[in-house]
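Thanks for coming. I have one structure to go through today, so please look at it first and then we will walk through the parts.

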Amino acid sequence: MTQRAALSLALLAAGIGLAAIGTAPAFAGAVPRSQPLVVVQRDHVVRAQPDASSPRVDAVAARRPLTRVRTVLPLLGSAGRHDSWLRVRLPGRPNGHAGWISARGTRGSSTGWRIRVALSDRRVNVYRDGRGIRSFRAVIGQQSTPTPRGSFFVEEALALAAGAPGAPFALATSARSNVLQEFEGGPGQIALHGTRGIPGSLGTAVSHGCIRLSSRAIAWLASRIGAGVPVTIGR
């Protein structure tokens, strides 16, 4: 499977734009200063409740499928003696779902980075330690294949070949298209990626659900944003 197919970038043809870069505007409500994370060090069964006898609802692999980096999940809560169970946000369908994994075979981490996508403004706003530091114009999903809303996270970051559609970088997220169950062999995964080889001007709604940024903007993000960073997509 190619990176293009696996990421389901839904790429068409032509053109690079320049991002309008500035300080991210304030969102309604405070932006958390940090997000606790769970680094997964072995494959895990995901349970509906913090109990080994609870129904299995999913599974999490120790490494991501494209880059083989460690899986990193946002931590939503804990339970049990000595916090032996961890509630984590999960990748894939249904969008934004969560479950419980054993704390064994994990280690804790955290990030001060956070991405918030404002669909009505067609901007990607970046925060660090609760403070807005950058805002980029973006291309979002068209009406027939909209960018899904909700709480997600970055699964892995990829450097794409110079001639690949969507180059130079892609941040594959935990979000999946609500319309496309698959695209060119991939799972309909939503990514933030570049604009090389794809039509559509920044600030428009013409993608198959992915979020396109200028080469300069996605390069800035890819050099700073890693696995587990929260991505909120809202109106």
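Two strands are said to pair here if DSSP finds at least two bridges between them. Helices (H or I, at least four residues) and strands (E, at least two) are DSSP runs, numbered from the N terminus. With that in place, take strand 5, where Val 88 is the bridge partner of Leu 75.

Before going further, the ground rules. This is a predicted model, in which local features need pLDDT of at least 70 and side-chain atom pairs count only at pLDDT 80 or more, while totals for chains, interfaces and linings use all residues. Residues are numbered from 1 along each chain as its sequence is written, and side-chain values use heavy atoms, with hydrogens and water left out.

Now the overall numbers. The chain has two helices and 17 strands. It has 235 residues, and 48% of them count as buried, where buried means under 20% relative accessible area, exposed over 50%, and partly exposed in between, with a 1.4 Å probe and protein chains only. The chain exposes about 10300 Å², and carbon and sulfur atoms supply 50% of that; the areas come from the Shrake-Rupley method with a 1.4 Å probe, and for residues only the protein chains shown count as cover. Contact means heavy atoms within 4.5 Å. Among contacts between residues at least 6 apart in sequence, 64% join residues at least 24 apart.

Back to the strands. Strand 4, residues 72-79, is joined to strand 5, residues 85-89, by four bridges, and the two run antiparallel. The hairpin they make has five residues between the strands, and Gly 80 takes a positive phi near 85° there. Strand 4 is also joined to strand 1, residues 35-40, by three bridges, again antiparallel. In that pairing, Pro 74 of strand 4 is the bridge partner of Leu 37.

Next, strand 7, residues 106-111, where Arg 107 is placed. Which residues does Arg 107 touch, not counting those up to four places away in sequence? They are Leu 37, Val 38, Val 39 and Gln 41. Arg 107 is partly exposed, at a relative accessible area of 46%.

Thr 106, also found in strand 7, counts as buried at 16% relative accessibility. Leaving aside neighbours within four places, Thr 106 is in contact with residues including Val 38, Val 39, His 44 and Leu 86. Its C-alpha atom is 5.5 Å from that of Val 39, 67 residues apart along the chain. The side chain of Thr 106 also reaches the backbone oxygen of Ala 103 at 2.7 Å.

As a reminder, strands of a sheet pair through backbone hydrogen bonds, either parallel or antiparallel. Within this sheet, strand 12 (residues 150-159) and strand 17 (residues 230-234) pair in the antiparallel sense over four bridges.

Asn 125 sits in strand 9, residues 123-128. Is Asn 125 buried or exposed? It counts as buried, at 2% relative accessibility. Its side chain makes a polar contact of 2.7 Å with the side chain of Ser 135. A polar contact is a pair of N or O atoms within 3.5 Å; within protein, one must be able to donate a hydrogen and the other to accept it, and residues adjacent in sequence count only if both atoms are side-chain atoms.

Last, helix 2. The buried residues of helix 2 (residues 215-222) are Ser 215, Ala 217, Ile 218, Trp 220 and Leu 221.

The structure holds two aromatic pairs. Trp 113 and Trp 220 form one that is edge-to-face, 6.0 Å centre to centre with 80° between the planes. Trp 113 lies in strand 8 and Trp 220 in helix 2, so the pair ties together parts that are 107 residues apart in sequence. For the criteria, rings of Phe, Tyr and Trp (its six-membered ring) pair if their centres lie within 6.5 Å; planes under 30 degrees apart count as stacked, over 60 as edge-to-face and the rest as tilted. Ring pairs link Trp 113, Phe 136 and Trp 220 into a cluster. Trp 113 counts as buried at 11% relative accessibility, and Trp 220 counts as buried at 15%.
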